[in-house]
Amino acid sequence: MKPLALILAAVFVVVAVLYFVGHGPLAAPGVHVKHGIVSIILALLCLVWYRFQSANTTGSLR
Amino acid sequence: MGTCITHARGLHRQRESLPRVRTDADVTFVQAMLLAVLQGVSELFPVSSLGHTVLLPALLRWNVDEGSESFLAFVVVLHLGTALALILFYRHDWIALTRAFFATIVRGRIGDDPAERTVWLLVAATIPVGILGVLLESSVKKLFASPIPVSLFLLANGFIMLLGEWLRRRQKAHEAQPYRKLPQLTAKDGVLVGFAQSLALLPGISRSGSAIVAGLLRDLHHEDAARYSFLLATPVIVAASLLEIPKLLAPDAHVVLVQAFVGGLVAAVTAYASVAFLTRWFRHNDLAPFAWYCVVAGAISFVLFATKVIA
């Protein structure tokens, strides 16, 4: 799962960049900045997920 | 929720494609104060703020252009006021949750501290509503943000809460287990609550109502389910308001500066009083009164609009 977290983070960063330059997959006038911000947040969450998996496998929300 | 802001913009886009039958009219001071009170109350009571924002001006036949830059700026300030009230009310929780958030990231694991589990349950529930909100909100509003669908969704909102309470009573009749506390929820429970509150993208369905019902069905007590719902509301309202702050810099925004400032304060005070009331209410009471209010208000509104008593 660790590589998946990193791959997803990278994908979300790319998607965010595409949205910010106005070429996002669902870009429409006025919404691309919001989509870009959400993509960045998702990328950060994927990195947090990676961090959780790297440090310890115990203590999750189970 | 911040949904009102994009709802207003959706209406503006709809109107751009239609022949204009009314001239732009800025919100009057009295209307502004009424809308501020409505926002502060209906944002947190499980009765759908967005539904009321659509129905009330239509019922009162207000000649307000909800898509104008000045009105959008006004709505942004109302939401900021509501967010401020929520942050102030739960200030001790938010300090603990913020510390817990960074502590877990630095440590790389979620410990047994209730704040650490709670903050990640908030993250888990915010992801679905954040993604679905950004992707679907404007298209859903374009389809449904008119009085007749809103009346029906308000009616449905009442039935969802009644059904939730009924299922909950049935569940408890078969199980003698005590209620779970909020930190005892799992990530799956959090995501389910997140999807449930995404129903509020439909104007007339209450975000807090659907989140509380989902919490109840995951075995939370009303008090904990409501607290989870109000904590969840804060990041969503703050994010929606911050994204719309550029509206305050629009050329026409200064027209309603006084109304916006006073309205923001009124919304903050009303929201604070609402959350204080509701946290006490849910210690010993359930969703039934709010559910019946939605059923009655939805049914009456539907009859009035469908029979064109109010056009």
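At roughly what angle do the axes of helix α7 and helix α12 of chain B cross? Select residues 147-174 and 288-306 of chain B: the axes of these two helices come within 7 Å and cross at roughly 155°.

This is a predicted model, in which local features need pLDDT of at least 70 and side-chain atom pairs count only at pLDDT 80 or more, while totals for chains, interfaces and linings use all residues. Residues are numbered from 1 along each chain as its sequence is written, and chains are lettered from A and ligands numbered from 1 in the order in which they are written.

**Stop 1: the helix pair in chain B**

Keep α7(B) and α12(B) selected. Helices are DSSP runs (H or I, at least four residues) numbered from the N terminus. Axes are lines fitted to C-alpha atoms over the stretch in contact, with angles from 0 to 180 degrees between N-to-C directions. The crossing angle makes α7(B) roughly antiparallel to α12(B), a term for angles over 145 degrees. The contact of α7(B) with α12(B) holds 19 nonpolar residues, five polar and one charged. Here Ala, Val, Leu, Ile, Met, Phe, Trp, Tyr, Cys and Pro count as nonpolar, Asp, Glu, Lys and Arg as charged, and the others, Gly among them, as polar. The crossing of α7(B) and α12(B) is left-handed, that is, the near helix is turned anticlockwise from the far one by less than a right angle.

**Stop 2: the helix pair in chain A**

Next, select residues 2-20 and 32-55 of chain A, which are α1 and α2. Their axes come within 8 Å and cross at roughly 165°, so α1(A) and α2(A) are roughly antiparallel. In the contact of α1(A) with α2(A) there are 17 nonpolar, six polar and one charged residues. α1(A) passes α2(A) in a left-handed crossing.

**Stop 3: the nonpolar cores**

Go back to chain B and select B:Phe74, B:Leu86, B:Tyr228, B:Leu232 and B:Val275. In the largest nonpolar core, of 82 residues, these touch the most other members. Such a core is a set of buried Ala, Val, Leu, Ile, Met, Phe, Trp, Tyr and Cys residues joined through C-beta atoms within 7 Å. α4(B) gives the most to this core, with 14 residues. Leaving aside neighbours within four places in sequence, B:Phe74 is in contact (C-beta atoms, placed from the backbone, within 7 Å) with residues including B:Val27, B:Ala32 and B:Val256. Another core, of nine residues, lies apart from the largest one; among its members are A:Tyr19, A:Val38, A:Leu42 and B:Val134.

**Stop 4: B:Tyr90**

B:Tyr90 sits in the loop between α4 (69-89) and α5 (91-107) of chain B. B:Tyr90 is partly exposed because 19 C-beta neighbours lie inside 10 Å; 20 or more would count as buried, and 12 or fewer as exposed. Beyond four places in sequence, B:Tyr90 touches B:Phe230 and B:Leu231. B:Tyr272 is 182 residues away along the chain, with its C-alpha atom 10.0 Å from that of B:Tyr90.

**Stop 5: positive phi angles**

Most residues other than glycine have a negative phi. Select B:Ser48, in the loop between α2 (29-42) and α3 (49-59) of chain B. Its phi is near 70°, and B:Ser48 is buried, with 32 other C-beta atoms within 10 Å. Buried residues of α3(B) include B:Ser49, B:Leu50 and B:Gly51. Just after α3(B), B:Arg61 has a positive phi of about 55°.

Finally, B:Asp219 has a positive phi of about 80°. B:Asp219 lies in the loop between α9 (207-217) and α10 (222-243) of chain B and counts as buried, with 20 C-beta neighbours inside 10 Å.

Methods. Contact = placed C-beta atoms within 7 Å. Parallel < 35°, antiparallel > 145°, perpendicular 65-115°, else oblique.
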